[in-house]
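Here are some friendly notes to read beside the model. Keep the viewer open and find each part as it comes up.

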Amino acid sequence: MALKPLDIFKFLPKTNCKECGYPTCLAFAMQIAIGKAELSQCPYVSEEAKKQLSAESAPPIKTISVGNKEKINLGGETVLYRHEKTFYNPTGIGVLIKEDMKDEEIEKEIKNIIEFKYERVGVVLKGEFIGIQDTGKGRFVEIVNKCYQTGKNLILITDDYENLKNSLKLSKDVRPIVFSQNITDEIIQLIKEFNVPVVVSGKNLEEIIQKIQKLQNFGISDIILYPENKKIADLFKNLIFIRRGAILKKIKEIGYPVLTIPAFLTDNYLEEGIYAGIFIAKYGSIVLLSKINGEVLYPLLIERLNIFTDPQRPMTTPEGVYEIGKPDENSPVFITTNFSLTYFIVAGEIENSKIPAYLLIQDTEGLSVLTAWAADKFNAETIAALVKKTKIGEKVNKKVLIIPGVVAQIYGELEEELPDWKIILGPREAAHIPVFLKSVEI
Ligand code: SF4
């Protein structure tokens, strides 16, 4: 459960030594409480305090880490609604490969889960999981091996001890998730030996809880839930019940991430996509699709991006130099702030002009141009510092820097800061960039 600042403060040394990067212990406690600092930043916290705080601050939904190259966390959520605070760990999206699929279908799905990726607001959006379902055809391990080569996170769906053991041996470094409907004592030993997470399934929550208790007796706590509902309405209710139970009622037994496989609820792929969208919003930790098509995957990735973005922080684009079109040494350089919407609008309008240019993005903590200027985060000094830091001057001969028209106030000062640059005041509205670029002499 989330701790309050004063609960954390009482465990701190109260010397205000500032080594944690904050002016006082109380300021540090406040940052921990809102998830912006970690206890480990204070070198003086006692082991006892660490123990107590980590137990008390553990999220009601357990955080489970999987993967190696594409490591991700599942669960770890603390609120019911994103606007209350934020959702932390995005739903993992993946494809389900059944052993009895044709070779070319398997190859196609593996290729698709690797190749379908999109870049948006500086973030690469892609699926992270491959579930492999054993159907008794004798080639489960071979398929697991193929999927393992992709570096994706794996879910091993099998009740066969030997298949599971051999698959775990070859893929243990990606920390695959084990999904056996019949979790025998032998399989429990394998889970313990390889220290991997396990999916606990059941027709109802009572059955799931009983199985969890058995696993906990064996010291296994990295658990993922899978309610075996056949109807969307029943599964949806269970997902809500699990999240509400864990967060509001503090029922520890169900405080785990949840796996969902919409393909088991419908044969219609578009319907499957809609169900996946529902589970991303509420409250699936993993969604496995029966196949990967761009028209279903892309909207799901965008939905996930939006839902798992901290509502208290504006979306930002990384600071740096962006090439729009194919700029060369005669191209102009635009500058704007890293509020993502600003970046997209300005980049889009430069693209519309068909005149290649460099676009310099300054980190203003996600503030738009005027707000950043008013907050003194986008001024002649900061712009000049970025121009020097990025060495953009080495890429262009004419050194023409176009600044947003709404910050005309900094024009003179910027000329002084960058004496070897020609500063041009751009239009006030990004929409006027194409006309502006055709009329101005660069
Ligand atoms: S490092 Fe620790 S003791 Fe020093 S100010 Fe930060 S919280 Fe307080």
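**Notes on the fold**

1. Asn16 sits in the loop that links helix 1 (5–9) to helix 2 (25–33). Its phi is near 50 degrees, a positive value in a residue other than glycine. Most residues other than glycine have a negative phi, and most peptide bonds are trans. Helices (H or I, at least four residues) and strands (E, at least two) are DSSP runs, numbered from the N terminus.

2. Before going further, a word on the source: this is a predicted model, in which local features need pLDDT of at least 70 and side-chain atom pairs count only at pLDDT 80 or more, while totals for chains, interfaces and linings use all residues. Residues are numbered from 1 along each chain as its sequence is written.

3. How is the chain divided? There are three parts: domain 1 (5–57), domain 2 (63–307) and domain 3 (320–439). These bounds come from an automatic or database domain assignment. Between the C-alpha centres of domain 1 and domain 3 the distance is 41 Å.

4. Now look at the ligand. It is surrounded by 13 residues, and the closest are Cys17, Glu19, Cys20, Cys25 and Cys42. A residue is near a molecule or strand if its C-beta atom, placed from the backbone, lies within 6 Å of it. Sorted by class, this shell has nine nonpolar, two polar and two charged residues. Here Ala, Val, Leu, Ile, Met, Phe, Trp, Tyr, Cys and Pro count as nonpolar, Asp, Glu, Lys and Arg as charged, and the others, Gly among them, as polar.

5. Next comes an open sheet of eight strands, with parallel pairing and the order 10-9-8-7-6-3-12-11. Strand 10 (223–227) and strand 11 (259–260) are its edges, each pairing on one side only. Two strands pair if DSSP finds at least two bridges between them. Strand 6 (residues 129–133) and strand 7 (residues 153–157) run parallel and are joined by five bridges. In this pair, Gln133 stands opposite Ile157 of strand 7.

6. Helix 5 (residues 140–149) lies across strand 3 (92–98), strand 6 and strand 7, and runs at about 175 degrees to strand 6. Axes are lines fitted to C-alpha atoms, for helices over the stretch in contact, and angles run from 0 to 180 degrees between N-to-C directions. Two residues are in contact if their C-beta atoms, placed from the backbone, lie within 7 Å.

7. Which residues of helix 6 meet helix 7? The axes of helix 6 (residues 161–171) and helix 7 (residues 185–194) come within 10 Å and cross at roughly 5 degrees. The two helices are therefore roughly parallel to each other; angles under 35 degrees count as roughly parallel, over 145 as roughly antiparallel, 65 to 115 as roughly perpendicular and the rest as oblique. Tyr161, Leu164, Lys165 and Leu168 of helix 6 meet Glu186, Ile187, Leu190 and Phe194 of helix 7. This contact has six nonpolar, no polar and two charged residues.

8. Helix 10 and helix 11 (residues 294–307) pack at an angle of about 10 degrees, with their axes 10 Å apart. That makes helix 10 roughly parallel to helix 11. The peptide bond from Lys282 to Tyr283 is cis, with omega near -25 degrees.

9. Finally, find the open sheet of five strands, with the order 13-15-14-16-17 and mixed pairing. Its edge strands, strand 13 (320–324) and strand 17 (422–425), each pair on one side only. From one strand to the next, the twist averages 30 degrees. Strand 13 and strand 15 (residues 357–362) run antiparallel, joined by five bridges, and Val321 has Leu360 of strand 15 as its bridge partner. Helix 12 (residues 340–353) lies across strand 13, strand 14 (333–337) and strand 15, running at about 160 degrees to strand 14.
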